[in-house]
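Keep the picture beside you as you read.

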Amino acid sequence: MSSTPLTLNLIEGSVSFSFSPQAAQELKAATDQLMERLKAVAAKPTPGGGKVTPQPPLEYRYTGEVFVEIFCNPNIWPTPFAAKVLLTVRNVNIRLTTEAELTRIIDDINQYLDQVG
């Protein structure tokens, strides 16, 4: 089964790889949850107003023609728009590990879903 490649725009450059629409839906759901966690952290009360409950990180993994892993700790970013993710894309021949802006990744997933939908 051939699938439409997903292109993720990085801080410098981009990476494209084979990805399924179902996997893109799962990744979209995971990033939507991450955005909610980031908003919860950003809405923390003023200092001295009580301790903020730490939010769980995003740890997304996909295995297909390539292995894709996306990690983000929402507790270290002041706003969802400042958040970056650690992205790893690898197969038997190559491994790419880099940072990417969360908002760009979300835009790229949405654009991919529009293409295949």
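Ser-18 is buried, its relative accessible area being 17%. For burial the scale goes like this: under 20% relative accessible area is buried, over 50% is exposed, and partly exposed is in between, using a 1.4 Å probe and protein chains only.

What does Ser-18 touch, leaving out residues up to four places away in sequence? The list is Ser-3, Pro-5, Tyr-62, Glu-65 and Val-66, where a contact means heavy atoms within 4.5 Å. Glu-99 is another story: 81 residues along the chain from Ser-18, with 20 Å between the two C-alpha atoms.

## What kind of model this is

This is a predicted model, so local features need pLDDT of at least 70 and side-chain atom pairs count only at pLDDT 80 or more, while totals for chains, interfaces and linings use all residues. Residues are numbered from 1 along each chain as its sequence is written, and side-chain values use heavy atoms, with hydrogens and water left out.

## The chain as a whole

The chain has two helices and six strands, and along the sequence they come in the pattern β-β-α-β-β-β-β-α. Along the principal axes, the C-alpha atoms fill a box of roughly 55 × 30 × 25 Å.

Of the 117 residues in the chain, 36% are buried. Take the contacts between residues at least 6 apart in sequence, and 47% of them join residues at least 24 apart.

## Ile-11, a loop residue

Ile-11 sits in the loop between β1 (5-9) and β2. Is Ile-11 buried or partly exposed? Ile-11 is partly exposed, with a relative accessible area of 40%.

Ala-100 is 89 residues from Ile-11 along the chain, and their C-alpha atoms are separated by 5.8 Å. Ala-100 is also among the residues that Ile-11 touches, along with Lys-84, Glu-99, Glu-101 and Arg-104, not counting residues up to four places away in sequence.

## Aromatic rings

The structure holds three aromatic pairs. Rings of Phe, Tyr and Trp (its six-membered ring) pair if their centres lie within 6.5 Å, and planes under 30 degrees apart count as stacked, over 60 as edge-to-face and the rest as tilted. One of the pairs is Phe-19 with Tyr-112, edge-to-face at 6.3 Å centre to centre and 70° between the planes. Phe-19 lies in the loop between β2 (14-18) and α1 (21-42), and Tyr-112 in helix α2 (residues 102-116), so the pair ties together parts that are 93 residues apart in sequence.

Both of these residues, Phe-19 and Tyr-112, are buried. Together with Phe-17 and Tyr-62 they form one aromatic cluster.

## Salt bridges

How many salt bridges turn up in a search of the whole structure? The search finds four, each being a side-chain nitrogen of Lys or Arg within 4 Å of a carboxyl oxygen of Asp or Glu. Among them is Glu-36 with Lys-39, at 3.9 Å from N to O. These two are three residues apart in helix α1, which means about one helical turn separates them. Lys-39 is partly exposed, at 44% relative accessible area.

Arg-61 and Glu-69 form another salt bridge, with the closest N and O atoms 2.8 Å apart, and Glu-69 is partly exposed at 22%. Arg-104 bridges to Glu-101, with the closest N and O atoms 3.2 Å apart. Arg-104 is partly exposed at 32%, and Glu-101 is partly exposed at 27%.

## Arg-37, without a salt bridge

Arg-37 lies in helix α1. Arg-37 is buried yet has no salt bridge, and the nearest side chain of opposite charge, Glu-59, is 8.4 Å away. (Lys and Arg count as positive and Asp and Glu as negative; His and the chain ends are not counted.)

Which backbone oxygen lies 3.3 Å from a polar atom of the Arg-37 side chain? That oxygen belongs to Pro-57. Pro-57 is also one of the residues that Arg-37 touches, the others listed being Gln-55, Pro-56, Leu-58 and Pro-74, not counting residues up to four places away in sequence.

Methods:
Helix = DSSP H or I, 4+ residues; strand = E, 2+ residues; numbered from the N terminus. Polar contact = N/O pair within 3.5 Å; in protein donor to acceptor, adjacent residues only side chain to side chain.
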